[in-house]
Structure formats: C-alpha cells, structure tokens
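Please find below a colleague's note, prepared for a reader who has the coordinates at hand. The points are numbered so that each may be checked separately.

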Amino acid sequence: MKNNKIAIVGAGPAGIAAALQLKRQGISPLLFEKNQIGGLLLNANRVDNYPGFPRGISGPALVSLLRKQLQVMSIAVTKAKVEELDFKKNEFRLASKDKEYSSRMVLLTSGTAAVIPEEFSAIPEWNKKVFSEIWSLRCKQNKKIAIIGAGDAAFDYALSLARKNEVIILNRSAHRKCSPGLWLETLKSSGISYLANVRISKVGLDKHRQVVIDYRQQLRDSVLEVDFLVAACGRRMQLDCLSKNLSRLRGQLEQSGLLYFAGDVANGSFRQVGIAVGDGIRAAMKMVKKLGESGI
Ligand SMILES: Cc1cc2nc3c(=O)[nH]c(=O)nc-3n(C[C@H](O)[C@H](O)[C@H](O)COP(=O)(O)OP(=O)(O)OC[C@H]3O[C@@H](n4cnc5c(N)ncnc54)[C@H](O)[C@@H]3O)c2cc1C
C-alpha cells in the first residue's frame, strides 16, 4: 500500500482546482472520482457567473476544459468510489471496493447528494426511470420528462432537456425558488410547461414502462404519464464515506491541519462553481503550508 501525501475525494470543480494547485507546487495528489469527472457542473445548462466566459458557457463545455487541464498537467484521476475513509495509526485509510489506499492528509470535495423522496425509490427499475441529475439524459429526444422541484436546479434541468424533449415542471408548492433569470428563460421556452401547487398522491410504472404520476391540482385529480422523472427536491452534504471513528475525530483532525473540506460539501447554501474552485485552491494552499511546517 503506497503512502501518499494527499488524497482528494471528489473530482468536481473543488477537487480539480485543489489538484491543479497542488500540482503547481510539485505535489501529485491521489484524486478519486466515483462517477463523472466534473461533478454536478456536468448538469448545468449555462454558467454565466464564472469569470472568463463573457457569453457564459455550458456546464459540459466547462467540464471538458477542466478535463483537458488535468490532462495537460498530467494529473491522474482514480476512478473509484471511496467507500470508507478512516484514520488509524497517524494516517488516513481510504477503502474502495477492491483496494485500500493511505495518505497523510485528506481533502474532501465530495459535494452533495440529491434528496430522493421515498415514494420514487419504490418504483420498480426506478434507477432507470427516476433521475436526480440529468447528464445521462442529455442524449434523449422526443421524450416526455417530468421534473419535480421549484429551485434553480429544477428550472436549469428543464431548460437543458427542453431543447429536444417535452418537459413538465411540477412544483409541490405555490412558490418558485429559482432566480428571476431562469424563470424568464423558462417562460420563453416552448418546450416547458409549469404546474404549481401540485399534490402528488402516487408514482408508479405501467406495463409500457411509463412513469405514471397521480396528482391533485386546484381540486382536480389528474394523471401524468412520462418517460422519465427527474427529482430536483434538494441536496444534502455527501459525507457517507466517513467512518464512525473518523466522524468522531473530525474536529481534532481539522484542527491539526490533516483533514480539510472544500466546495459544496462545506458551503451550505453557497453552492456555486466559483466558490468551489476558490475553496479548493485555498485548501490546497493550506495543505502545502502544513506540509512545509511539519516536514511530512
Ligand atoms: C443544474 C445545475 C446548474 C448549476 N448552474 C450553476 C451556475 O450556473 N453557476 C454556478 O456557479 N454554479 C452552478 N451550479 C452549482 C455547481 O455545479 C456546484 O456548485 C459545483 O459543481 C460544486 O463543486 P464541488 O466540486 O464542490 O462538488 P460537485 O460538483 O458535487 O463534485 C463532487 C464530486 O465528488 C464525487 N464524490 C462524492 N463522493 C465520492 C466518493 N465517496 N468517492 C469518490 N468520489 C466521490 C462526486 O461524484 C462528484 O463528482 C449548478 C448546479 C446544478 C445542479
């Protein structure tokens, strides 16, 4: 088991920015990614608040630039899920399904996971019909897709998918939580319908493998049949890999400069690419400083 100086869990914008900063300082981190390099950014329709792109840039296009930069800087990404992160005998242990790694310091840039309402996970084959991110649906066309949610993600997903599909946004309350800009764009899109105050009573799959949604709106019962359902019902910090022991030691390890958190996993509702990138760079610089001071 090779002992690495620094391991980074998650190759989204925060983890990538940290890895680039470390490489610049001559350190090659172990960078883990369980899904797709680029993280949540892969879902973004148009990022227009990240400096350097006067007309904005789509999430996937920004991710391909990040991938390119990793390649140019010769930063390898280990395609594995860190199932468990523990701390024993003065080092971190990172266990994937079939391998164990160790490192002296760890940066968690594991982002957030979608909150999936329980009734959706009861659908047979739900993982082929119900989604919480849309990057794998981008290739679909002429499909009917329902999105449940009322925030920026729901409307952003709708704008991406409505280019080639029919999209219906179902808001369970009367209030939208998306930015005014996204709402205006939604109004301009002919492919998106929006229903507010929707009370969903049942979600299932019929014999044609269509998702059937029974709902009530304005005292009327209706049924909606769609090809796919996207749940944009909120996100939670993604820290499932922390062992009980590590969760107990967390404060102590952070204080001693061995464990760091950056990006969406650490920023509450301040979930933006620019913040994640800056945060990743700051964590990397702190780690380099600590390495210098402690002679690790
Ligand atoms: C639809 C949508 C539109 C958006 N639009 C914008 C926008 O216009 N402007 C903007 O600034 N921001 C936007 N954002 C937010 C932006 O995408 C996030 O703030 C940013 O991606 C956060 O980066 P991160 O690296 O902290 O986390 P993430 O991007 O979530 O990356 C975390 C990574 O860690 C990986 N991971 C997690 N656990 C493990 C594990 N145990 N082992 C290995 N890998 C693991 C995940 O697979 C993931 O790839 C948008 C988000 C969404 C969903």
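1. The structure is a predicted model. The protein is divided into domain 1, residues 3-113 together with 235-294, and domain 2, residues 116-231. Taken over C-alpha atoms, the centres of domain 1 and domain 2 lie 31 Å apart.

2. Contact between the domains. Five residues of domain 1 are in contact with seven residues of domain 2. On the domain 1 side of this contact, two residues are nonpolar, three are polar and none is charged.

3. Ligand shell. The ligand is surrounded by 37 residues, and the closest of them are G10, G12, G39, G111 and G263. By class, the shell comprises 16 nonpolar, 15 polar and six charged residues. Domain 1 and domain 2 each contribute at least three residues to the shell. As to secondary structure, α1 (13-24), β2 (30-33), α5 (152-161) and α8 (273-294) each provide at least two of the shell residues.

4. Helix α8. Just after α8, G295 adopts a positive phi of about 65°.

5. Helix α2. This helix covers residues 59-72; its 14 residues reach 20 Å from first C-alpha to last, close to the 20 Å expected at 1.5 Å a residue. The residues G59, L62, V63 and L66 of α2 are buried. They cover an arc of only 100° around the axis, and therefore lie on the same side of α2. A general point of helix geometry applies here: an α-helix has 3.6 residues a turn, so residues three or four places apart point the same way. The buried residues of α2 pack against α1, whereas the face turned away from the buried side carries the exposed residues K68, Q71 and V72.

6. S74 follows α2 and is found in the loop between α2 and β3 (77-79). Its phi is near 55°, a positive value in a residue other than glycine. Is S74 buried or exposed? S74 is exposed, because 8 other C-beta atoms lie within 10 Å and the cut-off for exposure is 12 or fewer. R209, in the loop between β12 and β13 (211-217), likewise has a positive phi, near 65°, in a residue other than glycine. R209 is exposed, with 11 other C-beta atoms within 10 Å.

7. Residue P29. This proline is found in the loop between α1 and β2. Not counting residues up to four places away in sequence, P29 touches I6, A7, I8, A19 and L22. P29 and A18 are eleven residues apart along the chain, and their C-alpha atoms are separated by 9.1 Å.

8. Residue N171. Where in the fold is N171 placed? N171 is in the loop between β10 (166-170) and α6 (180-188). N171 is buried, with 21 other C-beta atoms within 10 Å. Leaving aside neighbours within four places in sequence, N171 is in contact with A150, R176, L195, A196 and V198. The C-alpha atoms of N171 and A14, which are 157 residues apart along the chain, are separated by 31 Å.

9. Residue S201. This serine lies in strand β12, residues 199-205. S201 is exposed, with 10 other C-beta atoms within 10 Å. Apart from residues up to four places away in sequence, S201 touches D214, Y215 and R216. S201 and P51 are 150 residues apart in sequence and 44 Å apart in space, C-alpha to C-alpha.

Terms used
Residues numbered from 1 in each chain as written. Predicted model: local features only at pLDDT ≥ 70, side-chain atom pairs only at ≥ 80, totals over all residues. Near = placed C-beta within 6 Å. Helix = DSSP H or I, 4+ residues; strand = E, 2+ residues; numbered from the N terminus. Nonpolar A, V, L, I, M, F, W, Y, C, P; charged D, E, K, R; others polar. Domains from an automatic or database assignment. Expected span 1.5 Å × (residues − 1). Buried ≥ 20, exposed ≤ 12 C-beta atoms within 10 Å, placed from the backbone. Arc of directions from axis to C-beta. Contact = placed C-beta atoms within 7 Å.
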